[in-house]
Amino acid sequence: MAPKHTGSKNAKHDPALGAVRQRMARGREGQLAWVTEACARVLRPLVRLALAFGVKHAQLEEVLRDILVDEARRAWVDKGTAPNISQLSVTTGLNRKAVTTMVREEVASLPQTEMSAEAKTLTLWLQMFSDNPAHRSLPIVSEDESVPSFESVARRASRGNVHHRVILDELVRLHMATERNGTTQLAVAGFVPASDLKGMLSFLGDNSRDHLLAGVANTIGERPPLLERSVFAAGISLEECERIHQLARERWGGLHDELTREMRRAYEAADKTASGRIRVGIYTYFEDAAVENAAPPAAPSKSSG
């Protein structure tokens, strides 16, 4: 009796299917290489920052592991699933023991810049100054409600949640305002806490995070495209780089004032349950590429014996 034959083929011995799988595997490896290269470019300035302040490998590794677990958990939750330890372990590649020790509430040590009463107050003050230069100086308090005072500005900006004296003391400490004889005066053109390392690191983290989140969202395609554009050139003089830098600063000034007004209007119109947040920024970076791309010196050789 002749043996029976079925119409299907064993996938293990199908050359065509094997070739398809190999191409898929190579494509997957290529995508992983692209992603890791992009991550390396993003991480390089962060590693430069870490080394400048003495952060070591073990500390960076702990940060990376914590973020891996936290983002893996967020990805599962976005799919409607509360992940268990095993799922987080598979997603991150970390063993179950490591995941178990990391599943905890994050304790933030840096302030959130969008929540800063000082930043909100100074932004409103700068807007008033832009509309009327006489508002560079304000009485700290005023019995006449028709006369703008720092107290009224702080109360409006913080919705009365922070006392104006606390806000003013912090702005004076940061050299953003001066105080004399019952009046205070603007000393800066924007909320950039250059004399406060913690504040500068907060802005570095928040600004860079949101810029990257916009780019990542656009790359993954998880939502309608967000504004994330840049223009660039190479092979020009450093003097021209600085001239273009100053042009960007000047143009940003007008747009900054307009955006501030719109955000202030939206903030004051919203009720206390509103949870949306937005950050609009601009950046310029230039360098001498010949110096930056120069080959690093050879590593010192180990002496024998």
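Buried, in this talk, means under 20% relative accessible area, with exposed over 50% and partly exposed in between, using a 1.4 Å probe and protein chains only. By that cut-off F150 is buried, at 0%. W125 is buried as well, also at 0%.

A word on the source. This is a predicted model, where local features need pLDDT of at least 70, side-chain atom pairs count only at pLDDT 80 or more, and totals for chains, interfaces and linings use all residues. Residues are numbered from 1 along each chain as its sequence is written, and side-chain values use heavy atoms, leaving out hydrogens and water.

Now the rings. The structure holds one aromatic pair. The ring centres of W125 and F150 are 5.6 Å apart and the planes stand at 70°, so this pair is edge-to-face. The cut-offs: Phe, Tyr or Trp rings (six-membered ring for Trp) pair with centres within 6.5 Å; planes under 30 degrees apart are stacked, over 60 edge-to-face, the rest tilted. W125 is in helix 5 (residues 117–131) and F150 in helix 6 (residues 150–158), 25 residues apart. Helices here are DSSP runs of H or I, at least four residues, numbered from the N terminus.

Next, the core. A nonpolar core joins buried Ala, Val, Leu, Ile, Met, Phe, Trp, Tyr and Cys residues through side-chain atoms within 4.5 Å. The largest has 22 residues, and W125 and F150 are among those with the most contacts inside it. Helix 5, helix 6 and helix 7 (164–173) each supply at least two residues. Helix 5 gives the most, seven. Another core, of seven residues, lies apart and includes V69 and M102.
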